[in-house]
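Please look over the structure shown below before reading on, and keep it at hand while you follow this report.

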Amino acid sequence: MPAVSLLVVIVAFACSPLLSGTPLQPFDVYNALQGFAQLGLPALAIGITMIAGEFDLSIVGTYALGGMLAVSTGVSSPALGVLAAVAAGAAIGAAQGALIARLRIPSMPVTLATYIALLGLTYAISGGLSKTYPNSDVTLWVDQTLAGIFSPRSLLTLAVFLIAAVVLGRTRLGRELRAIGGDRRASRVAGVGVDGLVIGLFTVSGTLAALGGALLSYSYASANPDPGLQPLILAAVAALLGGVSLAGGRGTPLGLLAGALSVALLAQIVAITALPDFTTQLLYAALLAVIVAIESPGLRALLDRFRASRADRPQTLS
Amino acid sequence: MTAVPVRSGISAVGLVVPLAGLAVLVGLAGTTHRFLSLDNARAILASTAFVGITAIGATLVMIAGSGVSLATSQTATVTAMFFLSTQQYGLVTAVTVAVLTGVALTALQGAVIGYWHANPIVLTIAAGFAIGGATTWFSGGTPVNPEVREFDVLNSTVLGLPVAVYVLLGVTVLAHLTLHRTTAGRQMYLVGSNRTAARAAGLPVGRVTVIAWAFFGACIALTGVFLASFNTSATVTLGGTLTLDAIAAVLVGGTAITGGRGSALQTLGGAVLIAVISDVLLLRGYSTGVQILVKGILVLAAVVAVHLRATRGRR
Amino acid sequence: MIQIDGLTRAFHGVPAVSGVSFTVGAGEIHGLCGHNGAGKSTVVKMLTGQLTPDSGRIVIGDEPVELRSRQAAQRAGVALVDQELSVVPALTVGENMLLGDIHAPLVNRRRAAYAHCRRVLDDMGLEGIDPDQPLSTLSIGEQQLIEIAKALSQRARLVILDEPTATLTDVESASVFAAIRRVAATGCSIIFVSHRLAEVLELCHSVTVLRDGRKIATTPTADLTVDALIVQMLGEPPFRLAAARKPDHDLAHALRISGLRVPGRLRDFSLTANAGRIYALAGQLGSGASDVLRAVAGLHPTAIGTVELHDRPVPVRDPVAAARHGVAFLSNDRKSEGLFLDRSVGWNLTATRLPFFARAGVLQPRRELVIARALAERSGLPEHRLGDPVAALSGGNQQKAFVGRCLGRDDVFALLLDEPTRGVDIGGRAAIHQLLRRAADAGLVVLFASTELDELLELGDVIVTMRDGQIVNRYDGDVDVDGVLLMRDMTRGIA
Amino acid sequence: GTTGNASSADGSSSMKGKTIALVGYGSSNPWGAYFNKVFTEQLTSTGVKINDMTTMDPGTQVQKFNQALAQKPDLIVLAILDTQAMVAPIKKAKAAGVPVLAVDGPTDPSVAADVMSVLSDNEVLGEYAAQNIIEGLKAQGRETGNIIVLTGTKSMLVTQDRMKGFNKVMATAPQYRVVDEQDANWDPQLSGTIAQQLLAKHGRDGVQAAYGMADYMALPIIQAAKQAGFPIGKDGLVVTSSNCFKAGIDAVKAGELYGTATEDPGTIAKQSADYTVRFLTGKKPPQSETVKEERVTAANVDQFAEQCSHA
Ligand SMILES: Nc1ncnc2c1ncn2[C@@H]1O[C@H](COP(=O)(O)OP(=O)(O)OP(=O)(O)O)[C@@H](O)[C@H]1O
Ligand SMILES: Nc1ncnc2c1ncn2[C@@H]1O[C@H](COP(=O)(O)OP(=O)(O)OP(=O)(O)O)[C@@H](O)[C@H]1O
Ligand SMILES: [Mg+2]
Ligand SMILES: [Mg+2]
């Protein structure tokens, strides 16, 4: 799924000059990667929670708060700003994780509530105003072009994905994450420290979302107290395209990477070909419709039945 | 309510916490300047109405176990536009068109969820994109401004209360009766409680889900109609933050997001509670941010309390 | 050596286990028996760190241990096969074998892990299974074998198996027993929990019997017979039903199943059945017996074939239509596919008969209460519990509520039950058998699938044996059948 | 309003083959939709190619702006969503030598010299609103009066400029007092809710006038007031707003809305198109132009009915 969707989008990207009439340039790739940098960390944050069978809606809240904190505290030292954002994200994530793990509450309503509360907190901190980040050196630095197509921001995002891929692929954490997503009770009985894992998971997702928010607000030189639901929904779309299922138990960081790249490229295609903005929405809708069809048991059964009725004559029994 | 009573063992803790909360609220409210006025009570009810109507519909969907819809705002917008652009055919026709639009769009999603077991979150995100994108496409972003204003009557007040408040009460009663007194309502609880079991027992899972979503669609459409009347024109962003506001009201009302438990009356209570608290904070001069923050904490408290009550004795 | 001393645990003030003590020597295979709810699993959970005892002591080797978590129990050398299948289908076989094992390294060493899993699988005689294979591609029985293999390979000092063979065929059970004996021979202690008493006597050195949370006795198996064991478990002579099997030639056929197929599971199945008789499908897991029932109930979306009930064709892929035509189905998984656990007993009993007390879609509460009361009485449930959530009932009573849902309805013509008494003790089993017999006498076709020989012989008027997705033999009511015959059909198939 | 039809400007033939990137407000916003429509219409006959790179998301806007920059158009027409976020991209455009025309809202002062601009006069819009209120209250013969204000998103310069103008004029009439100012986020639904609560908070004799920053924010105030039993218009609540939509004009005609002001998308779109033609044909227009805004009240409403009827 992630490989297929990435391939389709890359092919479409390569074909976009047919519509736009201008050949592709390295800058097109750079800009797509900038889009990826904006989307990647929230997508990874929500993606890992989805692998573990949870759904962290609060990432947009942490994302907004992270941006606001970075801008408020990172004027003289950008590292300090990132640190403040990340610390807050981790603390919020840990608190949520503890609540979810210890009381065994479904994460969706809890994180929805946290999202609303964090939005309010960010609003209260900023007085509802966008906050300016006056350190323009940092702003220019994070988005400077490296090797034609990268920027420090997109490289950092890529690095985080690679670290996640190594950690989840090469240690037993990856296995345990998918296990608790696949069957929570069985994992518990098998001896997986489920509670600790869930708390750690939400801590990491809070951290990643806050880091994403901080980087973004450095890049924009301002922090927006209310980013709306759009970042969350796009992150979820990226995760779903990345082969993660809302039912849990499925997905890898590299799949998530492919999903986030797909979404970023898609937005870039729309920008290159100067299609109207609502086309993006319709494209996302179409992609999600495909995911709905692939994921929904009823539709799959319908397909099975169709196949069964065609393969009816020669009886197979595995 | 039900012929077969459900054991009503209310623990001391389960009672003390909400009572304490209520006491604090009453204390705060009572000492807030102008809170205890008829005008303010009216304002609270009026501001509850729009979100409340949608939240009542969302309650049925949540009880029937198909979670939440993330396409609510977009649907409300579309119905509002249909309502305004059919004003010249008379109020009844316009409302009918709007409601049918809402029911059709939402019940269709319900059908995909009910018959094909699609994931509601993914599906409604897709539906939200599709409806929002198509609305922008067809309207070209131009607001709908009707020449004829049949809707004025919907903005009027009866006995000092806006018509929308009466509609909210009507919808609540209807939802309550549906849930507790009809076969479909009972089946919503059963399907929400254990969908696999309901399917194996031969209960009409698909049909029940569609009924719940259709009801929801009608409620969204009514909200759309009132939003349109109130603003006298409709733009693509008319739906605003309706999606999350409705979910928040349902959750504060104590309906379980996993399905099988909850009630329309509780949702009404949840919606009013949110409105009261926002109102108290506003009157006391707290900023929008603090109001939103408190709303979030309230939702969190409700979710935790409901969960603890539901799992008491099972853990 | 494992010593359990005065172990006690209560739930909400109701004792589940009170003062249980026994000892398992090194290399000993120790049986743990008792009827449903006797407290076996509670003891097991306390030994494996899933529950903390209210009081009592556990000694492993020479030192008393505090087992606060599964990890702590593993560190103390306790391995577990849980009563419920505890593997994760989303992972591979190998990943499952390493999952949660505290001895598994933090950093994956793929090659070493693969070799380890390969060796363990080979030891269990599972040469055909690849560690890199997704677990979901295995049958339920094979998945259970993986879980057992994993526990036995953990080099533990105590391996606890809670009903490990409930889903296994006899051949598979035999290889598990061999493996258990091998592990015991290395000096490891084994606790073996099972309802299959003959199995317990064959495998174990001694047996501890629990009743109502108390220990009744620990006896060497050499001194025991199945009947003696049952007396220990129940405290009174077992309740026996007269096995009156009835001939069915003289009746008109009510249910006709022909050419029923489910790709990959059921090859070809045809059966004609009469009203008033009980039909037993005898087959191990994967034999297709359970698939016949599911297909007729409309729960197999890929099923093909024709089903007629009282001369009306029943569509085979639509559970709602099947129910409308008078088919009632009881799954073998009453928790996830049967009951509405958090709803009341009353609601559960009346869930499928809302039309009986609704007028034009509007419910009539008074009539509902009358009907619910009558049903509770008919299914042997205490009336005062009608308002309780069904989850608060004991397993046996839950199953009664489940069966009760289909009784006394004049719109049900065929009752299909998959393992009607799974996890139910002997007393509860007899009561449920009686309910089914009465249903048949009232004119229903009753068709059930089971793996238990006793149940098949006791309840079935006509017994159909199945294997590999097809019928092996059909034994009508006037033919003599015995367990050996059935077992031969079920395991070896058509000669 | 300046402008004629841009396509009739001379030298339009020399614009063939030129490209404009329109990094404007997305069409999901009514103002943006009409602006884009008029702007595009005005320029079609000149043969210039317009790339639609509009959006309502500030992040996407930065990305689309950078994208536009890479395609090296002859002009980027920009309607800013997030003032700060646009600073660095504008600097980049300057460095790359791609001219930028900012329309509607101003850029951050630090880059104001790097762009050309056709701006709405937001301060004046705020002043007009204040004038409407003072005029209305005086006409009722009131010695004192309390005012509530529902603003657009406070973080936007547009909002801040309007409040600057509003407060400046209100300071000249200290007998009238602003008692509450809330951020309603350019959201009609939120405006309605907040209005209901504020009206209840201050009571029937506690509020005499209200300012909703756009027509679609003022109309919900009127509805809320009606439902709360406030008299509206002549002897009642004086409600004003500051950018006109058709619904607002209707309300002025009906005597419910005391007044509004222009900043209608059509006028600014025409002026921007005109500016674009002048720039691309080498006519060197002034670096910054301001759209002349007009105050609209019952007295002159008919004059603006057509101009304001498109959004
Ligand atoms: N978590 C729990 N909460 C409340 N009661 C419990 C809980 N777990 C077990 N019980 C009760 O404790 C008693 C012993 O249960 P246990 O599971 O140990 O029985 P068992 O002997 O394993 O039965 P089975 O043969 O059905 O597995 C029963 O009455 C059961 O209902
Ligand atoms: N999970 C639970 N939650 C609450 N109460 C429970 C639970 N499990 C058991 N109980 C209570 O413990 C009582 C005894 O249950 P138990 O399983 O021991 O019954 P039992 O005697 O084994 O009956 P049966 O023969 O039907 O299995 C039940 O009637 C029930 O009230
Ligand atoms: Mg029991
Ligand atoms: Mg047990």
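## Chains in contact

Of the five pairs of chains in contact, which chains share the most contacts? The answer is chains A and B. This should be read with the caution that the model is predicted. Chain C and chain D, by contrast, do not touch, and their nearest C-alpha atoms are 37 Å apart.

## The build of chain C

Chain C contains 17 helices and 22 strands, and its C-alpha atoms fill a box of roughly 70 × 50 × 45 Å when the box is taken along the principal axes. A compact globule of 495 residues would have a radius of gyration near 23 Å, and the 24 Å of chain C agrees with this. Of these 495 residues, 56% count as buried. If one considers the contacts in chain C between residues at least 6 apart in sequence, 66% of them join residues at least 24 apart.

The accessible surface of chain C comes to about 19600 Å², and carbon and sulfur atoms account for 51% of that surface.

## The magnesium ion and a buried arginine

Which protein donors does the magnesium ion (ligand 4) have? They are C:Ser41, through its OG atom, and C:Gln83, through its OE1 atom, and they lie 1.8 to 2.3 Å from the ion. Because C:Ser41 lies in helix H1 (residues 40–47) of chain C, while C:Gln83 lies in the loop between strand S6 (78–81) and helix H3 (93–98) of chain C, the pair ties together parts that are 42 residues apart in sequence.

Elsewhere in chain C, C:Arg294 is found in helix H9 (residues 289–296). Is C:Arg294 buried or exposed? With a relative accessible area of 17%, C:Arg294 is buried. Leaving aside residues up to four places away in sequence, C:Arg294 touches C:Leu299, C:His300, C:Phe329, C:Ser331 and C:Glu337.

## The build of chain B

Chain B has 12 helices and two strands, and the order of its elements, read from the N terminus on, is α-α-α-α-α-β-β-α-α-α-α-α-α-α. Its C-alpha atoms fill a box of roughly 60 × 55 × 35 Å along the principal axes. For 315 residues, a compact globule would have a radius of gyration near 20 Å, and chain B, with 20 Å, agrees. Buried residues make up 62% of the 315 residues in chain B, and among its contacts between residues at least 6 apart in sequence, 79% join residues at least 24 apart.

Chain B exposes about 11200 Å², and carbon and sulfur atoms supply 71% of this area. The mean positions of the 16 positive and 6 negative charges of chain B are 28 Å apart.

Why can helix H7 (residues 183–193) of chain B be called largely enclosed by the rest of the structure? The reason is that 11 of the 11 residues of this helix are buried. Among them are B:Thr183, B:Arg186, B:Tyr189 and B:Ser193.

Helix H6 (residues 163–181) of chain B holds B:Gly170, which is partly exposed, with a relative accessible area of 38%. B:Gly170 and B:Ser85 are 85 residues apart in sequence, and their C-alpha atoms are 26 Å apart in space.

## Two residues with positive phi

Most residues other than glycine have a negative phi. With that in mind, two residues deserve a look. A:Ala147 has a positive phi of about 50° although it is not a glycine, and phi of B:Thr232, which is likewise a residue other than glycine, is positive and near 60°.

Where do these residues lie? A:Ala147 is placed in the loop between helix H6 (136–142) and helix H7 (152–170) of chain A, where it is exposed, with a relative accessible area of 72%. B:Thr232 lies in the loop between helix H9 (205–231) and helix H10 (242–252) of chain B, and B:Thr232 is buried, with a relative accessible area of 6%.

Note on methods
Residues are numbered from 1 along each chain as its sequence is written. Chains are lettered from A and ligands numbered from 1 in the order in which they are written. This is a predicted model: local features need pLDDT of at least 70, side-chain atom pairs count only at pLDDT 80 or more; totals for chains, interfaces and linings use all residues. Side-chain values use heavy atoms; hydrogens and water are left out. Helices (H or I, at least four residues) and strands (E, at least two) are DSSP runs, numbered from the N terminus. The radius of gyration is taken over C-alpha atoms; the globule rule is 2.2 Å times the number of residues to the power 0.38. Buried means under 20% relative accessible area, exposed over 50%, partly exposed in between (1.4 Å probe, protein chains only). Contact means heavy atoms within 4.5 Å. Accessible areas come from the Shrake-Rupley method with a 1.4 Å probe; for residues, only the protein chains shown count as cover. Donors are N, O and S atoms within 2.8 Å of the metal (3.2 Å for Na, K and Ca); water is not among the atoms, so sites may look incomplete. Lys and Arg count as positive and Asp and Glu as negative; His and the chain ends are not counted. The place of a charge is taken as NZ of Lys, CZ of Arg, CG of Asp or CD of Glu.
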